[in-house]
Amino acid sequence: MDYLTPTHQEILYVLNQTGIVVIIDDHVICKTRQYDGMVLTPIDPKNKSGRTQFVLCKDVVRTNYGDWQGEMNRTIAHESVHVAQACKSRDGYISPLGFRNDVEKEAFAIQDQPREVLRILKKYCL
């Protein structure tokens, strides 16, 4: 995925280091064509692996965005915030890290700051 910035490539590397299952396109949620990506914790019924799953629906992003490369980077960062939220909660739920009241607002607030996303991912998941 040569269209990813070096920081976004490092985010994917850290996800792999943490034991998160990284799935690109090969998940039932991608086939619905409704999501760019998603994080499924072990308690989610769509997750049969018993481990947190990071799902990136690359084909959906390519189809739906003119700047699909930029959106791919944003999606990786956004969903990685959710991974950090899940790592921090440690109970199978995705909970806010604390700088916003809502998990989505937190993810949107820093998805364009990949170094910060990388920092919180390392802090809570490694």
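Valine 14 is buried, its relative accessible area being 1%. This is a predicted model, and within it valine 14 belongs to helix H1, which covers residues 6–17. Once neighbours within four places in sequence are set aside, the contacts of valine 14 are with Leu118, Leu121, Lys122 and Leu126.

Lysine 122, another of the residues in contact with valine 14, lies in helix H6. With a relative accessibility of 34%, lysine 122 is classed as partly exposed, and beyond four places in sequence it is in contact with Glu10 and Val14. Between lysine 122 and lysine 88, which are 34 residues apart in sequence, the C-alpha to C-alpha distance is 11 Å.

Helix H6 comprises residues 114–125, and its 12 residues reach 16 Å from the first C-alpha to the last, close to the expected 16 Å at 1.5 Å a residue. Which residues of H6 are buried? They are Pro114, Val117, Leu118, Ile120, Leu121, Tyr124 and Cys125.

## Loops and positive phi angles

Just after H4, arginine 90 takes a positive phi of about 55°, a positive value in a residue other than glycine. Arginine 90 is found in the loop between H4 and H5 and is exposed, with a relative accessible area of 69%. Arginine 100 also lies in the loop between H4 and H5, where at 40% relative accessibility it counts as partly exposed. Apart from residues up to four places away in sequence, arginine 100 touches Lys105, Glu106 and Ala109.

Aspartate 25 likewise has a positive phi, of about 70°, although it is not a glycine. Its place is the loop between strand S1 (21–24) and helix H2 (28–31). Is aspartate 25 buried or exposed? At 18% relative accessibility, aspartate 25 counts as buried, since buried means under 20% relative accessible area.

Threonine 63 is placed in helix H3, which covers residues 58–64, and it is exposed, with a relative accessible area of 54%. Although threonine 63 and arginine 51 are 12 residues apart along the chain, their C-alpha atoms are separated by 29 Å.

The relative accessibilities of the individual residues discussed here are set out below.

| Residue | Relative accessible area | Class |
|---|---|---|
| Valine 14 | 1% | buried |
| Aspartate 25 | 18% | buried |
| Threonine 63 | 54% | exposed |
| Arginine 90 | 69% | exposed |
| Arginine 100 | 40% | partly exposed |
| Lysine 122 | 34% | partly exposed |

## The chain as a whole

The secondary structure of the protein amounts to 6 helices and 3 strands, and read from the N terminus the elements follow the order α-β-α-β-β-α-α-α-α. The radius of gyration is 13 Å, close to the 14 Å that the globule rule gives for 126 residues, so the protein is as compact as a globular protein of that length. Along the principal axes, the C-alpha trace spans about 35 × 30 × 25 Å.

Of the 126 residues in the protein, 49% are buried. Where contacts join residues at least 6 apart in sequence, 60% of them link residues at least 24 apart. The protein exposes about 6600 Å², of which carbon and sulfur atoms supply 48%. As for charge, the protein has 16 positive and 16 negative side chains, and the centres of these two sets lie 5 Å apart.

Conventions
Residues numbered from 1 in each chain as written. Predicted model: local features only at pLDDT ≥ 70, side-chain atom pairs only at ≥ 80, totals over all residues. Heavy atoms only, no water. Helix = DSSP H or I, 4+ residues; strand = E, 2+ residues; numbered from the N terminus. Rg over C-alpha atoms; globule rule 2.2 N^0.38 Å. Buried < 20%, exposed > 50% of the residue type's maximum accessible area, 1.4 Å probe, protein only. Contact = heavy atoms within 4.5 Å. Areas by Shrake-Rupley, 256 points an atom, 1.4 Å probe, with all protein chains shown as cover. Lys, Arg positive; Asp, Glu negative; His and termini not counted. Charge placed at Lys NZ, Arg CZ, Asp CG, Glu CD. Expected span 1.5 Å × (residues − 1).
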